[in-house]
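Hi,

Here is the structure I promised to pass on.

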Amino acid sequence: MRESRLWFWHILSAAVILVLLGIHMGIMHLGELLHMAGIGSGDPVDSSQVFGRSRQAVFMITYILLLGAGLFHGLYGLRSMFFELSLSKSLEKLVGGVLAVAGIALFLYGSYVAIVVYQMNGV
Amino acid sequence: MNKSATQDPSIIKTVQFEVLRYNPEGNEAPRLQNYSVPVIRGMTVLDGLNWIKEHLDSSLSWRSSCRMGICGSCGMFINGLPRLACNNQIVHLHSDRVTVKPLPNYDIIRDLVPDLEGLFEKHRSVKPYLIRKDTEEQEKPTGEFFQSQQELLNYIQFAYCIKCGLCMSACPTVATSENYAGPQPLTAGWRYCADSRDEGLQERQEVLYSSYGVYRCHFAGACSQVCPKGVDPALAIQLLKKDAFLRSFGFGKKKKAGPVLPPVRDWTPGGKIPEAPAKTVPRKTE
């Protein structure tokens, strides 16, 4: 049932991406509307705004969550594409292993950056 | 066209049959051959091929049997879609040109005859038969396995499969992934997993839920679109996914196979069966 669990996480990560990307699009591209509603202020891509968000724990957690969901969803999709090439069992394991290691490494590096920026007090 | 055919008043029109010809032993590559076929009302594509074989070209090969959409032998790629040749009337194609090719995603044995061995091999891999723990009962049956009407409805739609292979030829994933089990075997797997008399999920899940099982389905839905029996293999695959999801997180129902019913003994007709009406016409021998 390993493949069933992987597939479930693939679907769940899609749902997470949908919600978090919705928030991202709202913050980045609906700035004026948010400003009119009294929620946001200033240019969202201004460096002070970017670092301001990154120093908030909620955003730091959100970034790590989006990174994890995006990496898992993308790499599982890539694995599926490789598997459709009708690989041998050993090559399948190799592809799965390489993608898993790459995913974990990228996740750790991305999370490290998010945590470091969160802990910074200005640049 | 022969003389008698042109004079037949029942002929509606003449259509051009464009038929793929290929003999692996003699031809380097498949080629299309044209035949003019007079069409009468109700004439199917299979009738057209029979007419060609009888009047124009006796070397044309295809596979067919029942002529009524039951045996699943005459699956062909007709005017761009996998269909049963016996189940499609020429006039319903709304074209004066009928292109007939062997089913895609299969090797060609000759002309319109596809090699279905791969399909049957994958079909066998899902163990399409009842698997129960009471093997002794199966070998020496003492009664019937109980199944309610509702339990029958859970899978009966998927039991209508005639193994014609049209779904496999329409599936875009089968076309690109040789190892993918495909809609027909997966549907057959679900047909038995959903059967209340069966306990074989553990033995089947190795194939059904492998990396070449249900999770390779892109849900294009082409299998359900071309199925001549309304089996809906895409639905069966989605039900397999749902079942796997529930089971992998411990929400699935623990399935116990339907019990064996005690044999019926000393049965006599009840009093409610009405008498046959009196004879109105005497037999000739009387």
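This is a predicted model: local features need pLDDT of at least 70, side-chain atom pairs count only at pLDDT 80 or more; totals for chains, interfaces and linings use all residues.

Let's start with chain A. By that definition, chain A has 5 helices and 0 strands, so its pattern along the sequence reads α-α-α-α-α.

Now for its overall form. The C-alpha trace of chain A spans about 55 × 30 × 20 Å along its principal axes. Its radius of gyration is 18 Å, whereas a compact globule of 123 residues would come out near 14 Å. As for burial, 10% of the 123 residues in chain A count as buried.

How much of the contact in chain A with a separation of 6 or more comes from residues 24 or more positions apart? The share is 68%.

Then there is the place where the two chains meet. On one side, chain A puts in 10 residues, and these are in contact with 14 residues of chain B. On the chain B side, the elements giving two or more residues are α7 (172-176) and α11 (233-248). Of the elements there, α11(B) gives the most, with 4 residues. Sorted by class, the side of chain B that touches chain A has 7 polar, 4 nonpolar and 3 charged residues.

Cheers

Key
Residues are numbered from 1 along each chain as its sequence is written. Chains are lettered from A and ligands numbered from 1 in the order in which they are written. The radius of gyration is taken over C-alpha atoms; the globule rule is 2.2 Å times the number of residues to the power 0.38. A residue is buried if 20 or more other C-beta atoms lie within 10 Å of its own, exposed if 12 or fewer, and partly exposed in between; C-beta atoms are placed from the backbone. Two residues are in contact if their C-beta atoms, placed from the backbone, lie within 7 Å. Ala, Val, Leu, Ile, Met, Phe, Trp, Tyr, Cys and Pro count as nonpolar, Asp, Glu, Lys and Arg as charged, and the others, Gly among them, as polar.
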